[in-house]
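Thanks for coming. I will talk briefly about charged side chains that pair up. Please look at the screen.

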Amino acid sequence: MINYQILTGVSEKNRYKTRIFSLFNHIFNKELKESEWSHFFLNSPYENSLLILALSADKVVGIANLIPQKLNIGRKKYNYYLFITSAVLKSFRSEGVYMETIKIIKNILKNKEKDFIFAFPNKNAYPLLTELFYFIPLKRKEIVNVNNFNLKELKPVDPERSIFLDDQFVKWRFEHKHYFYIRHNGKCIIYKGYKDSLDVIEIIESKYENIISRFISIKNDINPYSVFNVLKNRLLSPGNKEYKVGTTVSPCYFSFDTNLDLSKLDISLLMSDVF
């Protein structure tokens, strides 16, 4: 028999830490770092994150995590959950663990009075969420690899249609990896190293520098001959650039409000748990 628990406190999550690490390492075939454990499972920019566990006896056979977030669309601020790190042991998938987990997170959405659940699922979870569980797909975004790049050709995120930047979010978002930013042409370009390239996480208006400068370090320059990984729609003239598509992000959301339309949202890599 599978039992389900919803954990909110740090101490109760830490009781299952070793078992969650074991599940994560087995399914994703990589070690979960201590910094990632703290960032994704214990810390949260606003209220406590919600960790859903599926248990067979004392064995953790499935997990999912909901992290409270905020974003702007026009003059309205939305409160939502970012749905991340969902995983079920292969031997238990036929027992409906993933389906039951989705039911639980939808009930949480209803009871906690958030506006929606947002996700950036991988290629395996995407068809399940969008075809079976009624998550609404948004337009997929390409991340392109660009060489010999002119930073003047980057355009910033639209702050009226994207993630809400405040101290709580910025502190939490940048706590687990080494991020940097540079000032360029009236903008702040946030980035991190990735293998032999640079991930451009976001380009923001300089008026937000007073927030990000408290939590990530500024650099005076950046190697213009680096390979840049950047959202294609952050390029001013993508048709004039030589690039190759590196990967895509596939956002989707679920809401009980049938009038909610996020199609105009300016998707930012700041919203994702991957970058």
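One definition to begin with: a residue is called buried when its relative accessible area is under 20%, exposed when it is over 50%, and partly exposed in between. Keep in mind that this is a predicted model.

Side chains of opposite charge can pair when their charged atoms come close. Across the whole structure, a search turns up 10 salt bridges. I will go through some of them.

Take Lys17, which has 22% relative accessibility and therefore counts as partly exposed. Its partner in a salt bridge is Glu34, with 2.9 Å from N to O.

Next, where do Arg183 and Glu209 lie? Arg183 sits in strand 8, residues 180–184, and Glu209 in helix 7, residues 209–212, so their pairing ties together parts 26 residues apart in sequence. In this salt bridge the closest N and O atoms are 2.6 Å apart. The two partners fall into separate classes: Arg183 is exposed at 54%, while Glu209 is buried at 15%.

A further salt bridge joins the side chains of Glu205 and Lys207, at 3.6 Å from N to O. Here Glu205 is partly exposed, with a relative accessible area of 29%, and Lys207 is exposed at 55%.

Finally, Glu202, Arg234 and Asp266 form one network, joined by salt bridges that share partners.

Key. Residues are numbered from 1 along each chain as its sequence is written. This is a predicted model: local features need pLDDT of at least 70, side-chain atom pairs count only at pLDDT 80 or more; totals for chains, interfaces and linings use all residues. Side-chain values use heavy atoms; hydrogens and water are left out. A salt bridge is a side-chain nitrogen of Lys or Arg within 4 Å of a carboxyl oxygen of Asp or Glu. Buried means under 20% relative accessible area, exposed over 50%, partly exposed in between (1.4 Å probe, protein chains only). Helices (H or I, at least four residues) and strands (E, at least two) are DSSP runs, numbered from the N terminus.
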